[in-house]
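Please have the model open as you read.

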Amino acid sequence: MSAPVGAKNATKKKDGAKSGHRCCIFLSIMGTLCLALQLHLCTLQKSFDVQNEGWAHQYHPMHEINSAQQKRPPTNRNNSPVPSVIDIHAIADKWKLSWKKKKNGSSNDIISLLEKASQVDISSLYDEDNDFVYFHHIHKAGGTTVSLLMEKTFGEDAIVPGSRISGDFAFRDAPTQQQQHDQTKYRAAFSHTPFNPKLLQALRSTLQESESPRHIRLVTMIREPMSLRASSHAMSICHYNRLLKRQARETGETHCGADVNLTALTYARLDEIKEKCESSDTTNVGPRMMRYCDDISEGKNPITYCLSIPDLMKAEEYYNKLHLHNMYRKVFGKFTKHEGMHKNKTAVEDVEQYTLERLGKSNDYSHQQQQEDETISMTEESFDFIWFGITERMAESMCLFYYTFRLQPSPSIPNARVMDCKPSSWWTDEDRAEVMSRETLDYAVWRTANAVLDVRLAKMKMEIQAKLDSGISLESMYYVAPECF
């Protein structure tokens with residue numbers, strides 16, 4: 001028997017309700033899953049964003065630039081940082097100065113003197129109204145360039161007669177008190193002559209009755225010791241530079257470095273000497289040429305030290321006649337303050353200390369004391385070095401030159417007597433090592449001078465920055481060359 005129609009309909013309604021309930025449950029579950037999936041995707045996105053932001057912060061170039069700009073110290077117009085402090089110990093280590101901490105934690109005199117050098121106000125070192133400058137031009141240290149620059153910037157009329165751009169002081173040309181009727185105001189002098197009592201007397205005689213400043217200050221140039229000897233040997237002693245130029249004119253060939261035949265050049269030079277000795281013309285025949293002629297008359301080669309660099313290093317003349325040993329002693333008159341008072345070997349540390357005392361600070365011997373002390377018995381310490389340059393660092397040295405003397409920078413630095421082929425090019429590493437071993441005191445002077453130059457350059461930049469911070473414009477500081485700050 002079949003079910004009634006109403007019962008069937010009731011059953012269908014009941015089944016439909018169950019089906020709708022199941023559908024709602026299904027949709028509810030799916031909605032929950034979708035919501036969960038959406039939340040998970042959001043979480044992943046946030047995580048990715050955080051990681052991406054971290055990556056961008058770590059690696060994006062603009063982030064690096066912004067971060068660097070926030071930490072960057074003041075910079076000059078060349079975008080190089082201006083130091084806020086001078087790291088004295090780092091400079092001493094850089095130039096291998098002989099400093100070490102004492103047991104009580106303090107440093108030795110080397111560090112103390114460097115610190116004193118860093119406290120000198122460079123902008124007030126030079127007093128145009130009271131200071132007279134003498135440049136002791138060491139042979140082959142780049143001094144001709146400095147002499148020409150002094151003549152150009154101070155003015156030819158301000159240079160004492162008798163000065164020589166590249167020669168000894170001509171005492172006969174220096175005006176005496178009686179000859180000074182034009183009241184010329186002299187500001188400087190220069191020559192190869194060391195600052196000794198004879199020169200001091202000549203300068204004082206010139207300055208005394210004129211309107212010239214009378215507080216004498218010194219300047220000089222220092223060069224790397226091996227390069228100094230290489231240049232002296234090639235240009236002043238053996239004349240390689242002139243002979244190489246003549247060889248190039250005659251053969252059309254140029255040689256440099258290991259290609260240079262020093263032996264052939266030496267015999268070419270020997271032929272010139274023989275011709276000079278046989279000539280009746282004795283013009284410009286000095287003591288050295290006379291010795292050459294005497295040796296040739298005895299059948300000797302007077303210039304065997306020109307045959308090669310090893311021949312030079314083993315020659316007795318290296319220490320006496322050629323004056324290549326301890327070349328920087330004549331800069332200060334001695335290497336140490338108490339030199340000659342004891343028989344012990346001069347210590348490198350003592351030389352460094354004395355060099356710092358002479359180059360690193362303004363001397364305590366005042367302008368008034370110099371005026372009052374008219375005796376010629378004043379010691380070397382009575383005259384300080386207001387400026388010095390390093391040949392290998394000529395551009396930096398010139399920055400300090402203009403700044404110290406408040407001079408308008410020259411558009412170009414004179415480039416005098418610079419050889420196309422450097423004489424050091426035919427010196428080997430073994431030759432350099434021999435010079436370093438033999439000339440420890442000269443290297444002590446050179447290393448210490450470089451340390452002082454580092455300190456003064458840093459101090460100069462700090463002084464310029466301080467003036468800028470106070471409202472002074474860079475354009476008004478005419479003595480600061482564009483490449484110097």
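A residue counts as buried when its relative accessible area is under 20%. In this predicted model, Arg229 has a relative accessible area of 0% and is therefore buried. Its salt-bridge partner is Asp442, which is likewise buried, also at 0%. The two residues join distant parts of the chain, with Arg229 in helix H7 and Asp442 in helix H17, 213 residues apart.

That pair belongs to a helix packing worth a look. H7 (residues 225–237) and H17 (residues 440–469) pack at about 115°, and their axes are 9 Å apart, so the two helices are roughly perpendicular to each other. On the H7 side, Pro225, Met226 and Arg229 make the contact, while H17 brings Asp442, Tyr443 and Trp446. Sorted by class, the contact has 4 nonpolar, 2 charged and no polar residues.

Across the whole structure, a search finds 19 salt bridges.

| Salt bridge | N to O distance |
|---|---|
| Arg229 with Asp442 | 2.5 Å |
| Arg432 with Glu224 | 3.3 Å |
| Glu463 with Lys459 | 3.8 Å |

Arg432 sits in helix H16 and Glu224 in the loop between strand E3 and H7, so this pair ties together parts that are 208 residues apart in sequence. Arg432 is partly exposed at 31% relative accessibility, whereas Glu224 is buried at 6%.

Glu463 and Lys459 are both in helix H17, 4 residues apart, which means about one helical turn lies between them. Glu463 is buried at 10%, and Lys459 is buried at 14%.

Finally, a network of salt bridges links Arg242, Arg246, Glu250, Arg269 and Glu272.

Definitions and conventions. Residues are numbered from 1 along each chain as its sequence is written. This is a predicted model: local features need pLDDT of at least 70, side-chain atom pairs count only at pLDDT 80 or more; totals for chains, interfaces and linings use all residues. Side-chain values use heavy atoms; hydrogens and water are left out. Axes are lines fitted to C-alpha atoms, for helices over the stretch in contact, and angles run from 0 to 180 degrees between N-to-C directions. Angles under 35 degrees count as roughly parallel, over 145 as roughly antiparallel, 65 to 115 as roughly perpendicular and the rest as oblique. Contact means heavy atoms within 4.5 Å. Ala, Val, Leu, Ile, Met, Phe, Trp, Tyr, Cys and Pro count as nonpolar, Asp, Glu, Lys and Arg as charged, and the others, Gly among them, as polar. A salt bridge is a side-chain nitrogen of Lys or Arg within 4 Å of a carboxyl oxygen of Asp or Glu. Buried means under 20% relative accessible area, exposed over 50%, partly exposed in between (1.4 Å probe, protein chains only).
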